[in-house]
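This briefing goes through a structure of two chains by topic. It is meant to be read beside the coordinates.

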Amino acid sequence: MDLFDIVLEPLSYDFMVRAIITTALAAVVCAVLSCWLVLIGWSLMGDAVSHAVLPGVVLAYIVGAPFALGALVFALIAVTLIGVVRNTSRVKEDAAIGIVFTSLFALGLVLISVTPSQTDLNHIIFGNLLGVSIPDLIQVLVLGVVAFAILILKRRDLTLYAFDPVHAHAIGLSPKRLGALLLGLLALTSVVALQTVGVVLVVAMLIIPGATAYLLTDRFSRMLVIAPVVSAVCSIAGIYLSYYLDTASGAMVVLTQGVVFAAVYLFSPRQGLIGTRLAKARRRKAVALAV
Amino acid sequence: MSTPAILVENVTVHYGEVLALDAASLSLDTARICGLIGMNGSGKSTLFKVIMGMIKPDAGRVLIHGQSPAKARKEGGIGYVPQSEDVDWQFPLSVRDVVMMGRYGHQGFTRRPSKADRAAVDLALDRVELSEFANRQIGQLSGGQKKRAFVARGIAQGATMMLLDEPFAGVDKRSEATITRLLRELASDGCTILISTHDLHALPQLCDEAVLLMRKVLMHGPPEVVLQPEHLAMAFGLDVLNRDLPEQETANQRRLSKQQDWS
């Protein structure tokens, strides 16, 4: 079997085509968002929001509302609760996040256990990449495109918010509103990624690509290109691997991203552990040769 | 009498139970450079935040050129140079990117830079002598250059007032002189400058006036008067007499203690 067949064979199944489109889209949107999350230090917040949307999604399923609506409501509830617990008790922020998101996640699990459903709601937890239906695909497409468009159009404001919220305030912008916008987009993006890798692994898609890109460049504008490209390539590679190795698809996608991060961490010419040493050795050699 | 550039009237701020500012009042005229002196916790940062409108005072009011801080912010008049430790120097932005952020208030929905914006940024970079470093990542500048990059942001913004938080921390003597000259130039162009600082050495060359803050404004006058040891002692406690003072002040103080010996 040559490379051509390896690439084409899975595409003969409709469900694989849908899986690849959904994943690539989710990967791109998550990766773009992750650039800000890793720079602001909101990784834990990403983890929290992506878990806390679960009860919202289940409730939306029960009443027949769009998943995104339920997710947004619960993302908002989670962020508010975290703020309340942090500000009105001696509990620190990381503990507040831990308490709120695990409790809401547990609430979601309880709701799933009492909800009779045709589609297995457990798929929300671990993702159901290979079972993406056409309506699912459309929903992911619409939400993904909306989130992506807002992120790209407001990228400069969001970067200013991440870098220097005080200056944002000083020139008459509202850091509060920008922060809320980013959180809203986080909730929206979580819903997009739920379909593919599930609640538990969404956070990987929301952190790893941004972190990988951050190790590769000193320019935010380049991060916004590197992160989605790397993420999309990893995700598609992950699906192919899961197809041929017969492994869990969502998990394989995340694993591929993790492996690529590890490689960049070690070999990045700017920041990598080994990469920087190699570059130094090369420079020394060049100097030695010149002398 | 003309409208003061900054007017702070009887401003009181609490953080929970803690009193941060206690009926502080301050009036600063246009194109003056004012040094804000006080210990940690004396309310310097709080006063900055009140002037920028980040904190609403519990009592009192703030006017910027006779307007509310919110209006002044919208007009892009307030430039801010943050304390070094408040900045993420690893952030993947170039010097030019940071200076361009000064233009955001003048730009449209997506902040796409126009020709005029680029020109303003180039001009500002030139003014602070950082043109050749424009494409460096901000963390790869020296302490003084970092400060100048943020001053350039204020210049590009067209700020008529600049607030600088500890601009001389981690800055060597030569850069300190460069920054001082730059700020003096800006002031002579009509920019009002308020500087919070621990660095009492730099004040007489830099400032037209100085303010001694200890939750309230203890004193406001020419730097050479405010910096007299007996005045500083009000804000810092007595141990300040033995350190952090300009040569001349230490001499004053020696004279003072001699006089006390004689009496």
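The points below cover the fold of each chain, the contact between them and the confidence of the prediction.

The model is predicted. Chain A has 14 helices and zero strands, while chain B contains an open sheet of six strands with mixed pairing. The predictor assigns the complex an ipTM of 0.85 and a pTM of 0.87.

**Chain A**

- Along the principal axes, the C-alpha atoms of chain A fill a box of roughly 75 × 60 × 35 Å.
- Of the 291 residues in chain A, 46% are buried.
- Among the contacts in chain A with a separation of 6 or more, 70% join residues 24 or more positions apart.

**The six-stranded sheet of chain B**

- The strand order in this open sheet of chain B is β5-β6-β7-β3-β8-β9.
- Its edges are formed by β5 (78-81) and β9 (216-221) of chain B, each of which pairs on one side only.
- On average, neighbouring strands of the sheet are turned by 20 degrees against each other, direction ignored.
- Strand β8 (residues 209-214) of chain B pairs with β9(B) in the antiparallel sense, over five bridges. Within this pair, B:Leu212 has B:Met219 in β9(B) as its bridge partner.
- Helix α1 (residues 44-52) of chain B lies across β3 (33-37), β5, β6 (161-165), β7 (192-197) and β8 of chain B. The angle between α1(B) and β6(B) is about 155 degrees.
- Helix α5 (residues 143-157) of chain B lies across β5 and β6 of chain B, and runs at about 170 degrees to β5(B).

**Further strand pairing in chain B**

- Strands β1 (residues 6-15) and β2 (residues 18-28) of chain B run antiparallel and are joined by seven bridges.
- B:Tyr15 has B:Val18 in β2(B) as its bridge partner.
- The hairpin of β1(B) and β2(B) has two residues between the strands, and B:Gly16 there takes a positive phi near 60 degrees.
- β1(B) also pairs with strand β4 (residues 59-64) of chain B, in the antiparallel sense and over five bridges. Here B:Glu9 stands opposite B:Arg61 in β4(B).

**Contact between the chains**

- Chain A contributes 19 residues to the contact and chain B contributes 20 residues.
- On the side of chain A that touches chain B, α9 (155-163), α10 (165-170) and α12 (220-245) of chain A each supply at least two residues.
- That side of chain A divides into ten nonpolar, four polar and five charged residues.

**Confidence in chain B**

- The average pLDDT of chain B is 87, and 90% of the residues score at least 70.
- Confidence in chain B is highest in helix α3 (residues 95-100) of chain B, at a mean of 96, and lowest in helix α10 (residues 247-262) of chain B, at 43.
- Residues 244-263 of chain B have a pLDDT below 50, and beyond near neighbours in sequence this stretch has 15 contacts in the model.
- Where pLDDT is low, the predicted coordinates should not be read in detail.

Terms used. Residues are numbered from 1 along each chain as its sequence is written. Chains are lettered from A and ligands numbered from 1 in the order in which they are written. This is a predicted model: local features need pLDDT of at least 70, side-chain atom pairs count only at pLDDT 80 or more; totals for chains, interfaces and linings use all residues. Helices (H or I, at least four residues) and strands (E, at least two) are DSSP runs, numbered from the N terminus. A residue is buried if 20 or more other C-beta atoms lie within 10 Å of its own, exposed if 12 or fewer, and partly exposed in between; C-beta atoms are placed from the backbone. Two residues are in contact if their C-beta atoms, placed from the backbone, lie within 7 Å. Two strands pair if DSSP finds at least two bridges between them. Axes are lines fitted to C-alpha atoms, for helices over the stretch in contact, and angles run from 0 to 180 degrees between N-to-C directions. pLDDT is the predictor's confidence in each residue, from 0 to 100. Ala, Val, Leu, Ile, Met, Phe, Trp, Tyr, Cys and Pro count as nonpolar, Asp, Glu, Lys and Arg as charged, and the others, Gly among them, as polar.
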